[in-house]
Amino acid sequence: MTPDRHGSAVITFPNELEVVISRKFDAPIALVFDVLTKPEHVTRWGATAPDRMTECSIDLRVGGSYRSSFVVSDGTVFSISGTYLEVEPPVRTVETWHFNCWPDVEAVETMELHERDAVTTFTWRLAFSDQAGRDRMTEFDGQQDSLDEMGEILASLLGSS
């Protein structure tokens, strides 16, 4: 198995309010869902070196909350948090999305998984309430690194089973 045979994530902007990132993984849908939603995995891919995850809490149920915080090399702390609106294991979650550095920005995040021929496609959609919020989302290096790390985690989990 080659964990990165599908290459990097594909980033698209279907309209002025949304960002969509998709990536394929050679792993079963249930395992990909676990890596996306269990703190023991999110702490490994939610912040990649040199950044460091300092907090990760996930109450995976409708009305439950999540919060992840990480520290970057200059000591700045970033946090992403929200409330689950829909939870449909192992195919979908929908949650509010708040980034501490952009307090005026509102968004809804949707994570969807589809499996076909032992390949799971992960689609991450961030729908902003206005164009000003979407316009702040200009850098994606962290998301690419995180998805690459997810691929490595999945490969290691599959290799140990």
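## Exercises: pocket lining and strand pairing

The largest pocket of this predicted model has a lining of 41 residues, and Gly46, Phe70, Ile80, Gly142 and Gln143 are the ones that lie nearest its centre.

**Exercise 1.** State how much space lies in the largest pocket, which helix gives the most to its lining, and how the lining divides by class.

*Solution.* 
- Start with volume. The largest pocket holds about 1100 Å³ of space.
- Next, find the helix. H4, residues 141-159, gives the most to the lining, with seven residues.
- Then sort by class. The lining has 25 nonpolar residues, nine polar ones and seven charged ones.

**Exercise 2.** Trace the pairing of strand S7: in which sense does S7 pair with S6, and how many bridges join S7 to S8?

*Solution.* 
- Take S6 first. Strand S6 (residues 92-99) pairs with S7 (residues 107-116) in the antiparallel sense, over six bridges.
- Pick out one pair. Trp97 has Ala107 in S7 as its bridge partner.
- Move to S8. Strands S7 and S8 (residues 119-128) run antiparallel and are joined by 10 bridges.
- Thr123 in S8 stands opposite Glu112.
- Finish at the turn. The hairpin of S7 and S8 has two residues between the strands, and Asp117 takes a positive phi near 50° there.

**Exercise 3.** Classify Val119: is Val119 buried or exposed?

*Solution.* 
- Locate the residue. Val119 belongs to strand S8.
- Read the relative accessible area. For Val119 the value is 12%.
- Apply the cut-off. Buried means under 20%, so Val119 is buried.
- Val32 and Val119 are 87 residues apart in sequence, and their C-alpha atoms are 10 Å apart in space.

Note on methods: Residues are numbered from 1 along each chain as its sequence is written. This is a predicted model: local features need pLDDT of at least 70, side-chain atom pairs count only at pLDDT 80 or more; totals for chains, interfaces and linings use all residues. Side-chain values use heavy atoms; hydrogens and water are left out. On a 1 Å grid over the protein atoms alone, a cavity is a set of points where a 1.4 Å probe fits but cannot get out, and a pocket is an open set with protein on both sides within 12 Å along at least five of seven lines; lining residues have an atom within 4 Å of a point. Grid points are joined across faces, edges and corners, and a volume is the space filled by probe spheres set on the points. Helices (H or I, at least four residues) and strands (E, at least two) are DSSP runs, numbered from the N terminus. Ala, Val, Leu, Ile, Met, Phe, Trp, Tyr, Cys and Pro count as nonpolar, Asp, Glu, Lys and Arg as charged, and the others, Gly among them, as polar. Two strands pair if DSSP finds at least two bridges between them. Buried means under 20% relative accessible area, exposed over 50%, partly exposed in between (1.4 Å probe, protein chains only).
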